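This briefing is meant for someone meeting the structure for the first time. It begins where the chains meet and then turns to the parts within each chain.

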There are 2 protein chains.
Amino acid sequence: MVNVAILGYGTVGSGVYEVITTNNKLINKKAGEDVSIKYVLDLRDFPGDPVEKVLVHDFNVILEDPSVKVVVEVMGGVEPAYTFAKKSLLAGKSVCTSNKELVANKGPELIRIAKENKVNFLFEASCGGGIPIIRPLNSSLTADDIIEISGILNGTTNYILTKMTDEGWDFDTALKKAQELGYAERNPEADVLGYDACRKIAILSSLAYGKTVGYEDIHTEGITSVTYEDIEYAKKMGYAIKLIASSEKKDGKIYAMVAPMLVRRDHPLCSINGVFNAIFVRGNMLGDAMFYGSGAGKLPTASAVAGDVVDAVRHVGKNIMVFWDEEKEDLQDIGDFKHQFFVRVKGDKDTVKEKAEKLFSVTGYTDAGIDNETGFVTEIMKEDDFEKAYAQLEGAVAKLRIKD
Amino acid sequence: MVNVAILGYGTVGSGVYEVITTNNKLINKKAGEDVSIKYVLDLRDFPGDPVEKVLVHDFNVILEDPSVKVVVEVMGGVEPAYTFAKKSLLAGKSVCTSNKELVANKGPELIRIAKENKVNFLFEASCGGGIPIIRPLNSSLTADDIIEISGILNGTTNYILTKMTDEGWDFDTALKKAQELGYAERNPEADVLGYDACRKIAILSSLAYGKTVGYEDIHTEGITSVTYEDIEYAKKMGYAIKLIASSEKKDGKIYAMVAPMLVRRDHPLCSINGVFNAIFVRGNMLGDAMFYGSGAGKLPTASAVAGDVVDAVRHVGKNIMVFWDEEKEDLQDIGDFKHQFFVRVKGDKDTVKEKAEKLFSVTGYTDAGIDNETGFVTEIMKEDDFEKAYAQLEGAVAKLRIKD
């Protein structure tokens with residue numbers, strides 16, 4: 001029998017408890033050992049809840065119990081999660097976490113400590129909730145040079161953009177609805193400003209390319225400036241607007257960014273709607289692949305954590321290879337990125353054409369029925385060059401990148 | 001260093017050779033050992049090809065070389081692939097294969113022999129080409145009770161149906177084009193009659209549920225009877241017609257079938273077009289997930305095989321857990337399946353309504369502009385009951401199941 005301790009009995013923690021107790025027989029079979037939850041750590045009490053019989057308030061009870069081989073950290077935030085995770089690994093216990101803050105900030109160090117102590121630091125649920133993506137990157141896509149990893153990694157913003165598109169709602173209405181449904185936090189900053197997606201793409205990029213991609217180095221824009229009018233143009237052009245967290249490797253250099261982008265109808269990410277997430281991977285041999293599912297939610301996330309518990313139990317005393325060096329990856333400056341850009345300008349097509357073609361190579365114009373406005377799309381150009389030209393464009397209203 | 005032998009230098013075999021030589025540095029790093037191709041077995045000679053220096057014509061050279069730890073079987077067909085794979089496993093060599101015939105026919109036996117000999121029988125490329133699905137089923141979705149696994153598992157038929165839908169081509173034109181482009185064989189039976197998809201869903205279902213799902217027990221229909229008119233109705237109703245290979249677990253019983261079905265626009269499988277494949281999985285905790293990518297093609301398939309080689313090298317001397325018992329799974333009889341059905345009948349809406357409502361509970365009628373014809377959709381009903389009623393329906397033209 002392998003004993004497990006869960007740190008935190010919040011949404012994900014109670015989900016992990018539910019998954020492991022509900023699917024216990026199946027999990028024992030898959031793990032090759034009986035898996036038993038010996039402790040749940042939480043500062044609160046839960047009178048009447050079945051968790052009561054295993055509830056503890058002091059982390060040291062868990063740390064000092066040598067029968068606990070797997071620690072599930074689902075508290076969120078860097079501290080005390082980091083201290084607890086590190087002490088657990090040093091004490092010879094594997095750690096499974098859903099905590100993207102912890103992984104984005106301390107991942108490579110904890111991976112190294114796990115390796116040194118012949119245990120495992122697993123974090124499948126930290127990106128894309130229930131979607132299997134971390135283990136496929138580590139164990140399946142091992143023969144490929146990954147040249148792109150891009151995703152819709154935040155369900156809240158995808159729900160908002162989907163509703164703005166399908167129902168014609170404005171941003172505020174869609175956000176309010178997302179909050180009512182529990183998809184968005186009372187303070188939605190981390191989601192709508194792109195911070196959540198940024199941490200996730202930092203983790204995925206680090207695993208894809210092998211060195212640490214610092215989330216603080218990734219150019220990040222949220223969706224708060226996306227308007228009804230932008231969406232009308234997108235529809236007219238056959239695109240969808242999505243918050244894309246993306247990184248690409250070109251000539252050995254890594255280009256990473258988070259921003260709302262126009263996505264072509266024939267790109268697999270275009271049809272990912274509502275709170276669903278998807279991660280698109282391009283390999284030099286594999287070509288294109290995509291992983292789709294519930295990016296958040298109690299049980300999907302808990303299912304991914306419990307899958308990590310099974311893997312940790314299968315590998316007691318053995319370290320599973322993970323390639324994520326502590327060395328920092330140099331990211332390419334945003335100014336060097338190349339995209340096609342979509343631009344909205346005041347004026348009818350003839351006026352706009354005259355102004356635009358002095359500054360840009362234009363591939364086409366769009367009239368989306370917005371009063372006294374014309375949209376156009378540029379050829380592929382560097383961000384720096386685009387910004388310089390855009391600053392000179394009289395009557396410019398808005399701009400959006402087009403995903404290549 | 002770990003030596004590898006490749007059995008067969010056809011499309012996939014030469015692809016595996018290319019992937020392992022092109023990405024050699026990266027593969028060595030991921031495998032934790034240098035991976036070297038010591039032999040390629042083929043009956044033919046390849047004068048001037050770089051493979052010449054490792055080419056052998058006699059399998060025993062490979063079998064009797066104890067330095068060969070991994071054998072890649074990419075010959076196709078059951079024999080001599082089965083004999084070679086079995087002998088390799090018994091000699092303490094892991095086997096990686098892309099051969100769905102071999103896996104569907106001999107999978108559980110070879111998995112057992114691998115386990116008994118502390119080696120591995122790996123077959124990621126046998127279903128869905130480059131798409132990671134076998135390893136995620138074995139190693140990621142381990143905390144879930146899988147209640148459905150369904151997919152678009154054949155690129156040829158998906159290409160044909162996509163072209164019939166987007167370009168208005170008839171079946172024969174689309175098949176001819178698929179043959180010209182090399183997507184379909186000269187003899188397209190295995191694809192268009194659903195046999196290929198059937199073998200793949202048998203493999204995936206066996207892994208999902210743990211016992212052997214025999215492909216010969218799965219009710220299988222191809223796409224040869226799908227017409228331009230069917231597709232017009234599908235468009236009108238907001239559906240797409242896809243060849244769906246599907247299995248579901250309900251009340252402990254397994255329902256598996258391969259058939260063209262109407263798929264709702266909001267189902268993730270609906271937007272999978274062209275030669276791409278996708279596998280949809282529903283777990284009791286995870287909810288819905290989908291895996292998408294190139295279902296065939298030299299390099300994507302070879303990438304999956306080479307990923308298996310990396311895994312085999314990482315696990316020399318250790319068996320990786322796979323749950324697929326030799327015991328046969330009892331499949332539910334086709335007559336007990338429940339679906340909504342779409343039916344086309346001669347006559348205008350009033351005439352058809354009168355006839356149809358004597359025999360079926362109808363949920364709606366569709367006029368797709370086909371002369372003297374009306375379509376209707378039934379409520380969910382058993383196949384047996386549907387067939388009885390359909391046989392009595394005067395003027396019936398065609399029927400299709402609707403994917404739930």
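In this predicted model, strand 12 (residues 287–294) of chain A and strand 12 of chain B run antiparallel and are joined by five bridges. Within that pairing, A:Tyr292 has B:Met290 of strand 12 of chain B as its bridge partner.

**Contact between the chains**

- Chain B brings 43 residues to the contact, and chain A likewise brings 43 residues.
- On the side of chain B that touches chain A, at least two residues each come from helix 2 (24–31), helix 6 (134–140), strand 12 (287–294) and helix 12 (298–314) of chain B.
- Helix 12 of chain B gives the most to this side, with nine residues.
- Sorted by class, the side of chain B that touches chain A consists of 22 nonpolar, 13 polar and eight charged residues.

**Domains of chain A**

- The domain assignment divides chain A into domain 1 (2–129 + 298–314), domain 2 (135–293) and domain 3 (337–402).
- The centres of domain 2 and domain 3 of chain A, taken over C-alpha atoms, are separated by 24 Å, and each of these two domains gives twelve residues to the contact between them.
- Helix 11 (228–237) and strand 10 (253–264) of chain A each supply at least two residues of the side of domain 2 that touches domain 3, and that side of domain 2 has eight nonpolar, no polar and four charged residues.

**A parallel sheet in chain A**

- An open sheet in chain A is formed by six strands in the order 3-2-1-4-5-6, with parallel pairing.
- Strand 3 (55–56) and strand 6 (121–122) of chain A stand at the edges with a single partner strand each, so one side of each has no neighbour in the sheet.
- Strand 1 (residues 2–7) and strand 4 (residues 68–73) of chain A pair in the parallel sense over five bridges, and A:Asn3 stands opposite A:Val68 in strand 4 of chain A.

**Helix 1 of chain A and its neighbours**

- Helix 1 of chain A lies across strand 1, strand 2 (35–41) and strand 4 of chain A, and runs at about 160° to strand 2 of chain A.
- The axes of helix 1 (residues 11–22) and helix 12 (residues 298–314) of chain A come within 8 Å and cross at roughly 65°, in a crossing that is right-handed.
- Among the residues making this contact are A:Val12, A:Val16 and A:Val19 of helix 1 of chain A, together with A:Leu299, A:Ala302 and A:Val305 of helix 12 of chain A.
- The residues of the contact between helix 1 and helix 12 of chain A divide into nine nonpolar, four polar and two charged.

**Strand 10 of chain B**

- Strand 10 (residues 253–264) of chain B is mostly covered, with nine of its twelve residues buried.
- Strand 9 (residues 239–250) of chain B pairs with strand 10 of chain B in the antiparallel sense over twelve bridges, and in their hairpin, which has two residues between the strands, B:Asp251 takes a positive phi near 50°.
- Strand 8 (residues 219–220) of chain B pairs with strand 10 of chain B in the parallel sense over two bridges.
- B:Met257 of strand 10 of chain B is the bridge partner of B:His219 and also of B:Ser246.
- Strand 17 (residues 396–402) of chain B also pairs with strand 10 of chain B, in the parallel sense over two bridges, and there B:Leu262 has B:Ile402 as its bridge partner.

Conventions:
Residues numbered from 1 in each chain as written. Chains lettered and ligands numbered in written order. Predicted model: local features only at pLDDT ≥ 70, side-chain atom pairs only at ≥ 80, totals over all residues. Axes fitted to C-alpha atoms, helices over the stretch in contact; angles between N-to-C directions. Helix = DSSP H or I, 4+ residues; strand = E, 2+ residues; numbered from the N terminus. Left-handed = near helix turned anticlockwise from the far one by under 90°. Contact = placed C-beta atoms within 7 Å. Nonpolar A, V, L, I, M, F, W, Y, C, P; charged D, E, K, R; others polar. Buried ≥ 20, exposed ≤ 12 C-beta atoms within 10 Å, placed from the backbone. Pairing = 2+ DSSP bridges. Domains from an automatic or database assignment.
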